[in-house]
Amino acid sequence: MENKQRVKSAFESLMFVFGEPVDVKTAAAACGVDRKEALELFRELVREYDEQQRGIRVREADGRFQFVTYEENYDYIRTVVTPAKERRLSQAALEALAIVAYRQPVTKGDIDAIRGIKSDRVIEGLVAKELICERGRSSAIGRPTLYGTTAKFLTYFDLKDLGELPQLDDEELEEAIRSFGEAQEADAEDDPPALEGQTTLELS
Amino acid sequence: MAYKVRLNMFEGPFDLLVYLIEKAEMNIYDIEIAVITGQYLAHIRRMEENDVVVGSEFMVLAATLIDIKSRMLLPRVTEGEGPAEDPRTDLTQKLVEYVRFKKAAAALEELRETARFKLEKPQEDLLPFTGEPDVFLKMDMEQFVLAFKMFIHRRKKQDELQRMRAHIERERVSLETKIGAIAKLLKAAKDRIVRFSELLAEKADRYDRVVTFIALLDMARSGELLVEQDGPFAEIQVRNH
């Protein structure tokens, strides 16, 4: 194809028609450019849409690109249509998901060990939501299933790739943990932990 | 309809323990085991009082805490060089690991808070783009009428078949009904003895036989009747108990 501008415009049309994230490889083959160049052009598009503060942006996840709305326009969109209310992930699900994301591939046993409690149901739920999937089997006894995150996981949290996961900063963690201890000296007497507030019934 | 009850409780024993340590403003690397064990056990007791089923995992950690507590009281034996191992080390490591992922979970939740406002369009029907051309039939009126007649004909045949099938399918006797029927038969029978063959309908198929037999076994098990057989393959005698 003649020039970059032309290819980029082709990519835009492709994304528009396809709806689902468009694979760089597919787009490159369709427009007769090599993959590296295609990736660069896609990223140029991402930048251009951002710079021009468009209401539609290009999102990259797992080497694929897709049109999404600009997040700050959500309130306007909501006055016209009501996007399906999403059920937030439970604390347990988030914990298990974090373990899978940072430690993948992991077995159910690994997750249970870190959380100190069985995670079967939680894992089932995450698989059903397509945030994690099976990634073969471990060579350990019983050949347990290994889990990893999916492409949907990346779009769900708006990450380009796993390298974009927030850093588990050891120093910060240590500081947070130590701060329990320091506060103790300042305020030695504290009420015993309350239980009442912790048990609330929620019917849904 | 089912109720889903979600208890806003601790996600697991580590979650509870970390909460207690945080609440007591203790250093996780220097847990006052005696204090925290007491609080942990008290909390579990209160969970039980509130009719919360305390998972076995919570009990395992309770046992671990008590074990550490008792080992803390014993003088530590040094093996070779270096300081003696702190009985808390293993637990501390696990807790730190847990806190790490608890933080990571919070970080993910935060990411989702912005990500969820980015809407995408679901993929539409791509058929118009995949190039299946519309099919046009070339036929004259006669052919068209014939095709319609064929359609009606086939439809009639299908209906007929449907009726036949409905006729053939017999209502199946359930185990419960069979048990009731056998009990009734036994009550009416002379000497209260019935032969197995008498229990079967005249044209009993395999299904009837199996249901009858299972019904007998079930009734024999619950002591409603006695079953006797003189030898292998001989007639089964059923007797009221």
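On a 1 Å grid laid over the protein atoms alone, a pocket is an open set of points with protein on both sides within 12 Å along at least five of seven lines, whereas a cavity is a set of points where a 1.4 Å probe fits but cannot get out; lining residues have an atom within 4 Å of a point. Grid points are joined across faces, edges and corners, and a volume is the space filled by probe spheres set on the points. This is a predicted model, in which local features need pLDDT of at least 70 and side-chain atom pairs count only at pLDDT 80 or more, while totals for chains, interfaces and linings use all residues. Residues are numbered from 1 along each chain as its sequence is written, chains are lettered from A, and side-chain values use heavy atoms, with hydrogens and water left out.

The second largest pocket holds about 880 Å³ of space. It is lined by 26 residues, and those closest to its centre are A:E86, A:Y156, B:R112, B:R116 and B:L119. Among the helices and strands, which are DSSP runs (H or I, at least four residues, for helices; E, at least two, for strands) numbered from the N terminus, helix 8 of chain A gives the most to this lining, with four residues. By class, the lining has 10 nonpolar, three polar and 13 charged residues, where Ala, Val, Leu, Ile, Met, Phe, Trp, Tyr, Cys and Pro count as nonpolar, Asp, Glu, Lys and Arg as charged, and the others, Gly among them, as polar. Because domain 1 (4-74) and domain 2 (91-163) of chain A both give residues to the lining, the second largest pocket lies between them; these bounds come from an automatic or database domain assignment.

The largest cavity has a volume of about 80 Å³, and its lining includes A:E86, A:Y156, B:R112 and B:R116. Helix 4 of chain B provides the largest share of that lining, three residues, and by class the lining has four nonpolar, no polar and six charged residues.

Elsewhere in chain B, three strands form an open antiparallel sheet in the order 2-4-3, where two strands pair if DSSP finds at least two bridges between them. Strand 2 (193-195) and strand 3 (225-229) of chain B are the edge strands, each pairing on one side only. Three bridges join strand 2 to strand 4 (residues 236-240) of chain B, and B:I193 has B:R239 as its bridge partner in strand 4. Helix 6 (residues 175-188) of chain B packs on the sheet, touching strand 2, strand 3 and strand 4, where contact means heavy atoms within 4.5 Å.

Definitions and conventions. Axes fitted to C-alpha atoms, helices over the stretch in contact; angles between N-to-C directions.
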